[in-house]
Amino acid sequence: MPKCTIDGREVEFKAGENLIEVARKVGIEIPYFCYHPGLSIVAQCRMCAVEIEKMPKLQTACSTPAGDGMVVKTRSERAKQNQKAIMEFLLINHPLDCPVCDKAGECDLQDFSYKYGDSYMRYMEERRTYVDLDMGPVIKKNMNRCIHCTRCIRFGTEVAGIHEMVAVKRGNNTEITTIDGRPLETDYAGNYADICPTGSLTLKDFRFKKRSWFLKKTATICEGCSRGCNMELQHEANMVYRSIPRTNMDVNQYWMCDEGRFNYRHLQDPSRVTKPTKSGSFVDWSAALSEARAVTQGKKTAVFVGTDLTQEEISMVIQFAQKSLPNSTVVHFGTPGVNSAADDAALDKILKRKSKTANLHGAEKLGLKGSNTATGYQAAVVFSGGRSNVAALMKDVKVPAVGVGVFTDETKGGFSVILPGAGFSEKDGTIVNFNGVEQKLKRAVLPPGQSKATSEILMMWSNQSGAQASATAGARV
Ligand code: SF4
Ligand code: SF4
Ligand code: FES
């Protein structure tokens with residue numbers, strides 16, 4: 001492998017890797033604003049300029065591929081002087097509003113000004129200010145903070161496939177805006193806030209809710225569709241405030257869609273059922289489990305497993321049905337019109353899939369088949385993590401039914417009894433995406449109220465119904 005030397009350290013690299021990435025491998029930070037590994041390289045902010053032996057001028061590390069034998073200095077006097085000058089230039093028009101900016105604590109501009117900038121500036125003239133038009137429901141714009149790195153413009157055209165962000169006017173008056181000031185149209189708008197290196201584009205949903213440094217971070221997987229984008233849930237005091245994508249080049253690269261980004265909110269719906277319920281009234285666990293047993297006892301029972309359950313949960317449900325619901329059939333459900341993995345397909349050219357649950361392919365791997373009808377059965381048990389489409393299923397389920405898992409005002413109708421369970425942010429487990437990639441859900445928060453893990457609910461139910469358990473195994477189709 002070819003090698004170069006960065007700040008006195010020898011580094012191996014692959015042909016084509018730029019100096020920012022090669023330096024990163026050995027823990028050397030080269031500051032940058034306009035570069036993003038998922039976007040084209042424009043080398044326009046000049047913050048990443050470094051000194052390279054035998055080259056008379058500083059070179060931008062983002063646009064310079066490492067070369068065999070190259071000797072690079074990222075902290076030479078000339079490089080440092082350039083970093084200070086660029087910071088002073090970028091801050092000329094920047095307002096002093098870090099204390100009221102939602103990006104504070106995770107802002108490249110703020111961090112780099114501390115690390116690489118000067119403690120004073122010479123600019124005495126009036127600062128440039130803009131009037132910001134609304135950009136739609138996802139993103140809040142504040143162009144006074146913009147440093148014209150153009151990452152947002154490139155994300156629109158290169159990733160989202162829509163030319164909606166543009167730079168108008170020239171020089172000091174340059175302004176980043178949408179075409180004709182229209183609201184953003186892409187279903188991937190949240191990524192604009194992720195990639196903006198300043199507080200110019202922030203998430204409306206997150207504004208003024210929590211300072212970034214108070215948030216705990218849990219690396220998990222989106223349950224919004226069968227892609228299984230890697231993401232980080234950010235939470236505090238058992239409340240999720242935000243989710244952002246994690247890089248996985250095999251699954252979602254650097255991005256996620258808005259539906260997946262805001263999906264965690266359904267688990268914080270105030271109408272979520274968080275206590276056991278019988279005929280719409282709260283009861284204790286023992287009464288609810290007795291009712292669940294009464295609904296299914298001796299009945300031919302359809303067991304519907306939402307494809308938002310994990311592999312571990314589905315296996316437990318299959319075993320439970322064999323032991324405690326002897327005359328039962330276990331099937332899966334999730335997205336209307338997607339009854340099997342063969343029905344699943346891409347919804348766009350970016351990430352979104354037709355299956356609106358994350359583990360359809362895993363459920364089929366465990367031998368389940370899809371069904372949306374309880375015709376021919378006398379009772380039903382519906383397991384849902386909250387994402388599988390219970391409302392659509394229950395239109396066709398006309399028999400007494402037990403609900404296990406996550407239910408809200410929208411989905412609790414039609415159940416004789418509800419045993420509240422855990423959603424995707426409240427449990428650990430394995431899911432399998434449309435490509436067969438196994439990924440891990442990680443628990444970020446605890447299930448609310450009296451909700452319990454599926455394993456606990458099944459254990460309590462099977463202990464209560466042990467007396468009726470028969471040796472006859474429930475059939476699995
Ligand atoms: S809005 Fe943000 S991403 Fe877009 S050009 Fe300005 S600083 Fe860069
Ligand atoms: S594409 Fe699917 S998995 Fe990815 S963020 Fe959107 S809903 Fe979630
Ligand atoms: S990151 Fe290299 S010039 Fe902007």
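In the predicted model, the side chains of Lys169 and Glu175 are joined by a salt bridge, with an N to O distance of 4.0 Å. Side chains of opposite charge can pair when their charged atoms come close. By the criterion applied here, the count of salt bridges comes to 27.

A further salt bridge is formed between the side chains of Asp187 and Lys352, for which the N to O distance is 3.4 Å. Asp187 is located in the loop between β8 (175-178) and α5 (190-195), and Lys352 in the loop between β16 (328-333) and α9 (360-365), so that this pair ties together parts of the chain that are 165 residues apart in sequence. With a relative accessible area of 41%, Asp187 is classed as partly exposed, while Lys352, for which the corresponding value is 11%, is classed as buried because this value is under 20%.

Lys352 also forms a salt bridge with Glu259, and in this pair the closest N and O atoms are 3.8 Å apart. Here again distant parts of the chain are linked, since Lys352 belongs to the loop between β16 and α9 and Glu259 to helix α6 (residues 258-261), the two residues being 93 residues apart. Glu259 has a relative accessible area of 31% and is accordingly partly exposed. Through salt bridges that share partners, Asp187, Glu259, Lys352, Lys356 and Arg387 are joined into one network.

Turning to the strands, an open sheet is formed by three of them in the order β10-β11-β12, with antiparallel pairing. From one strand to the next, the twist averages 30 degrees. Between β10 and strand β11 (residues 230-236), which run antiparallel, there are six bridges; one of the residues involved is Lys216, whose bridge partner in β11 is His235.

Definitions and conventions
Residues are numbered from 1 along each chain as its sequence is written. Chains are lettered from A and ligands numbered from 1 in the order in which they are written. This is a predicted model: local features need pLDDT of at least 70, side-chain atom pairs count only at pLDDT 80 or more; totals for chains, interfaces and linings use all residues. Side-chain values use heavy atoms; hydrogens and water are left out. Helices (H or I, at least four residues) and strands (E, at least two) are DSSP runs, numbered from the N terminus. Buried means under 20% relative accessible area, exposed over 50%, partly exposed in between (1.4 Å probe, protein chains only). Two strands pair if DSSP finds at least two bridges between them. Axes are lines fitted to C-alpha atoms, for helices over the stretch in contact, and angles run from 0 to 180 degrees between N-to-C directions.
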